[in-house]
Amino acid sequence: MIAAIKTKGTYLLIMSLRKLYIILFAAFAVQGLSAQESKELSASMGKVKFSFALDETGSPVYAVYFNQKPVIRPSHMGFMLLDDSSFYKDFIMTGSARKSVDGTWQPVWGETKNIRDHYEEVAVHLQQKKSPGRLLDIIFRVFEDGVGFRYEFPKQPNLKYFIVSDELTEFNLTGNHKTFWIPGDYDSNEYPYTTSGLSEINNTQIVNASTAIAVRVVPDPYSVQTPLMMKTADNLYINIHEAALVDYPAMQLHVDGKSFQLSARLVPDAVGNKAYLHAPFHTPWRTIIVSDRAAGILTSKMILNLNEPSKIENTSWIHPMKFVGVWWEMQTGKSTWNYSDYADSVSSNGSPIPNGRHGANTANVKRYIDFAAANGIQGVLVEGWNTGWEDWFGNWKENVFDFVTPYPDFDIKEITRYAAAKGVKMIMHNETSGSATNYERQMDTAFRFMNLFGYTAVKTGYVGKIIPRGEHHDGQWMINHYVRVAKKAAYYRVTLDAHEPVRPTGLQRTYPNWMACEASRGNEYNAFSDGNAPEHETILPFTRLMGGPMDYTPGIFKIKNYSNVPGRQVHTTLTKQLALYVTLYSPLQMAADFPENYAAHSDAFQFIKDVPVDWDDTKIIEAEPGDYITMARKEKGSDNWFVGAITDENKRIAHATLDFLDKGKKYVAIIYSDAPDADWKANPEAYTITKFIVDSDSKLLISLAAGGGAAISIKPASAKDAKSIKKYKN
C-alpha cells in the first residue's frame with residue numbers, strides 16, 4: 001500500500017529514509033570492520049598457546065606461549081613480492097574460522113605404531129586495504145607440543161602468477177638461549193655442530209675451516225640452518241623447523257644477536273628470486289616445538305602430522321631393511337669408485353685401463369652378498385658399479401653418468417642371479433654429481449633398469465655444484481626435483497635413500513617410499529676428515545632427525561688404524577656404534593664396516609643382527625641435547641625391546657628404568673657396554689657383554705665411557721632362562 005502512494009511528499013520521505021538506511025548500514029559496516037581489524041585471536045592446547053593480531057600498520061603479528069610464559073614474543077609475518085614490496089602491511093581481517101581435530105593414523109613404518117593428530121586450528125583471512133585488495137590467509141595449528149603455521153594465497157583475480165622476493169616471518173625469542181647450530185649453507189648440511197648463545201653466532205670461522213665439504217655457499221655470516229635446537233635459561237626446550245616443504249625453497253634463519261630475533265631467509269635461485277608461485281598456493285608449515293623436558297622434543301610428532309597422508313595407495317611393497325655394502329672401503333681408501341685412473345686414456349684395444357683397486361668388482365660384491373645372506377641382512381649396496389667415475393667430481397660437468405652402463409668387471413647379470421639365489425636384495429646407487437638435469441632426462445631409463453635387474457631400492461647422491469647451473473641444493477628448483485624423484489621411484493616401486501639433499505621435513509608420511517636421507521654430517525666424515533666430535537650423535541636427534549630418518553651409516557667396529565692419515569679414528573667406542581642403531585632412527589640401516597671387522601667381534605655383531613629397523617613404540621628414558629640420550633624401542637609386531645644409551649666426551653652413568661615392560665613378565669636383557677677401561681680415544685674397542693633377568697621394576701645403571709655408549713636387547717624369558725640366568729639387582 002505504501003509503495004502505491006504517488007504523492008511527491010511521500011516519495012521524498014521514502015528516498016530520505018533509504019539514504020538514512022544506507023548511511024547507517026555503512027557506519028555499522030565500518031564499525032564491524034574496525035572491530036575485525038583490532039581483534040586478537042588465540043587458541044591453546046595444554047600448556048601451549050598462540051595469539052594473532054594486526055598491529056597499527058595492518059601487519060600480521062603472532063606470539064607463542066608455554067605455561068603462560070612467552071616463547072616467541074610478538075613477531076611480524078608477511079612477504080615481499082617482486083611486484084609488491086609491501087605485502088606485509090595494510091591488511092584488514094575479513095574473517096576467521098576454527099576447527100578441532102583429534103584422530104589417530106598408522107605410518108607405513110616408523111618409530112611408533114600409532115600417531116595421534118590432535119590440534120586446534122585457526123584460519124585468519126586477510127585483505128590489503130589498498131587496491132587491488134589482494135588476499136592472504138594464515139593458518140595456525142596449536143598442538144600440545146607446539147605451534148605450526150603456514151601462509152595460503154587463495155585463488156583471486158588480482159594475484160595469479162607471482163614471484164616471492166622475501167618471506168618476512170620472524171621468531172622473536174626471549175633471551176640469549178643456548179643454541180645447537182650449523183651454518184645456513186645453500187648447498188650443504190654437513191657441518192659439525194656448534195653450541196653457543198644466540199649472541200655468539202657467527203659462522204665465518206666454521207665455514208672457512210670445513211674444507212672437507214664439497215660445496216659451501218654461505219653469504220650470511222649470521223645464518224643458521226633448521227631444525228634449530230635451543231634451551232632457555234629456565235630450562236625450556238625450543239625447536240624451530242618447517243614441515244611439508246614442497247614447491248618452495250628451504251627456510252634458513254638469520255640471527256640478530258642483540259635483539260635475539262630470528263628471521264626467515266629463503267634459499268634463492270640462479271637469478272636471486274626465491275619462489276615462483278601460482279595462486280592458489282600454500283607455503284610449507286613453520287614449526288615451533290616447545291617442551292619443559294628434552295624428551296618432549298624427541299617424542300613430538302607435530303612435523304609428521306603437518307604433512308599430508310600417503311599419496312601411495314598400495315604400500316605393501318615398501319619394506320624397511322638393514323644392508324651392507326661396497327662403500328666404507330672407498331671412503332677409507334682401500335679401494336676406488338673409479339675403474340681406471342685415467343679419464344681420457346684407453347688401452348691399445350680401446351678399453352679403459354684398470355687401476356686394480358676398483359671396489360665394485362663381481363668377486364668382491366659376491367663376498368658382501370655371502371656375508372649378508374649368512375647374517376640375515378636383507379640388502380647389499382654397491383657404489384662405483386657404473387661408468388663415469390674417472391672425472392665425476394669438480395668439473396661442473398652435465399653428462400657424467402648414464403646410470404645403466406656397468407664397468408667391465410661388474411657382471412650385473414651374474415650378480416643379480418647370485419643375489420637372488422642367496423635371498424639378498426641389491427641396492428642401486430645413482431650418483432648424479434649434482435647434475436639433476438642429466439638425471440631427470442634419464443630417470444625412467446634408470447628405474448626401468450632397476451626393475452629389470454631386481455633392484456628394489458636406490459641410493460641417490462648430489463655431490464657437487466648443482467646443474468641447472470646457479471641453482472642450489474636447497475632452492476625451489478631442487479626441492480621440486482627431490483619430490484619428482486620420490487614420485488618416479490614410487491611409480492616403479494623402488495624405495496629411496498637420498499644423499500646430499502635438502503634436510504627432510506616429514507615428507508616420508510606423504511611418500512613413504514622416501515625412507516631416508518643423509519642431509520647431515522654422517523659417519524663417513526670419520527673416514528676422510530677430522531671426524532665427528534663425541535657429542536655429535538647426542539645433538540643429531542634434536543636437530544637433523546626432527547624432520548625425518550637419517551642414513552648415518554653406523555656400525556664401524558675398527559675404530560682405529562683404518563686410515564693412512566696418522567691419528568685418524570672414529571670418535572666413539574665400539575658399543576656406542578651399536579647404540580646408534582637405536583638412538584639414530586632410520587628404516588634403512590647400514591652395517592657399514594668390512595665383513596672381516598665384524599668377524600673379529602662376532603659377539604658384538606650379534607646386536608646388529610638382532611636389532612630391527614621398524615618399531616611399534618619408542619620411549620625416551622633420559623636425554624639432554626649435546627650430553628646424553630637413553631631410549632628404548634619396541635620391535636614391530638614383537639614383545640622384544642632394544643635400548644640405546646650414548647654420551648658425549650664425558651663418561652657417565654646411564655639410568656635405564658624398564659617400567660615400559662609388561663608387568664609380571666620376565667625378560668632376558670643382554671647388555672653390550674663399554675669395558676671399565678674403555679675410552680673413545682685411548683681404548684675404544686674394549687667392551688663387555690652381560691646377561692640378566694629383568695622385569696618392569698628393574699632399574700639398570702650402566703657405565704658409559706667417554707665418547708661411549710651401551711646397547712641392550714630385551715626379550716621375553718623362557719622358563720629355562722628364568723632358572724639359569726642371574727636376576728639383575730637394582
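1. Let's start with the overall make-up: the chain has 15 helices and 36 strands. Both are DSSP runs numbered from the N terminus, with helices (H or I) needing at least four residues and strands (E) at least two. The radius of gyration is 29 Å, close to the 27 Å from the globule rule for 730 residues, so the chain is as compact as a globular protein of that length. That radius is taken over C-alpha atoms, and the rule is 2.2 Å times the number of residues to the power 0.38.

2. Before going on, a word on what you are looking at. This is a predicted model, where local features need pLDDT of at least 70, side-chain atom pairs count only at pLDDT 80 or more, and totals for chains, interfaces and linings use all residues. Residues are numbered from 1 along each chain as its sequence is written, and side-chain values use heavy atoms, with hydrogens and water left out.

3. How confident is the predictor? The term to know is pLDDT, its confidence in each residue, from 0 to 100. The mean for the chain is 94, and 95% of its residues reach 70 or more. Residues 1-36 are below 50, though, and this stretch has six contacts in the model beyond near neighbours in sequence. Contact here means heavy atoms within 4.5 Å. Where pLDDT is low, the predicted coordinates should not be read in detail.

4. Now the whole chain again. Its C-alpha atoms fill a box of roughly 110 × 75 × 50 Å along the principal axes. Buried residues make up 60% of the 730; buried means under 20% relative accessible area, exposed over 50%, and partly exposed in between (1.4 Å probe, protein chains only). Of the contacts with a separation of 6 or more, 71% are between residues 24 or more positions apart.

5. Take a look at helix 12 (residues 574-583). Ten of its ten residues are buried, so helix 12 is largely enclosed by the rest of the structure. Among them are Leu-574, Lys-576, Gln-577, Tyr-581 and Thr-583.

6. Is Ser-586 buried or exposed? Ser-586 is buried, with a relative accessible area of 1%. Leaving aside neighbours within four places in sequence, Ser-586 is in contact with Ala-516, Pro-549, Met-550 and Val-613.

7. The peptide bond from Ser-131 to Pro-132 is cis, with omega near 15°, and Pro-132 is in the loop between strand 7 (115-128) and strand 8 (135-143). The bond from Thr-226 to Pro-227 is also cis, with omega near 0°. Pro-227 lies in the loop between strand 14 (223-224) and strand 15 (228-231).

8. Finally, which way does phi go in Gln-68 and Asp-90? Gln-68 has a positive phi of about 70° although it is not a glycine. Gln-68 lies in the loop between strand 3 (60-66) and strand 4 (69-76), and is exposed, with a relative accessible area of 79%. Asp-90, another residue other than glycine, has a positive phi near 60°. Asp-90 is in the loop between strand 5 (79-81) and strand 6 (91-105), and is partly exposed at 29% relative accessible area.

Conventions. pLDDT = per-residue confidence, 0-100.
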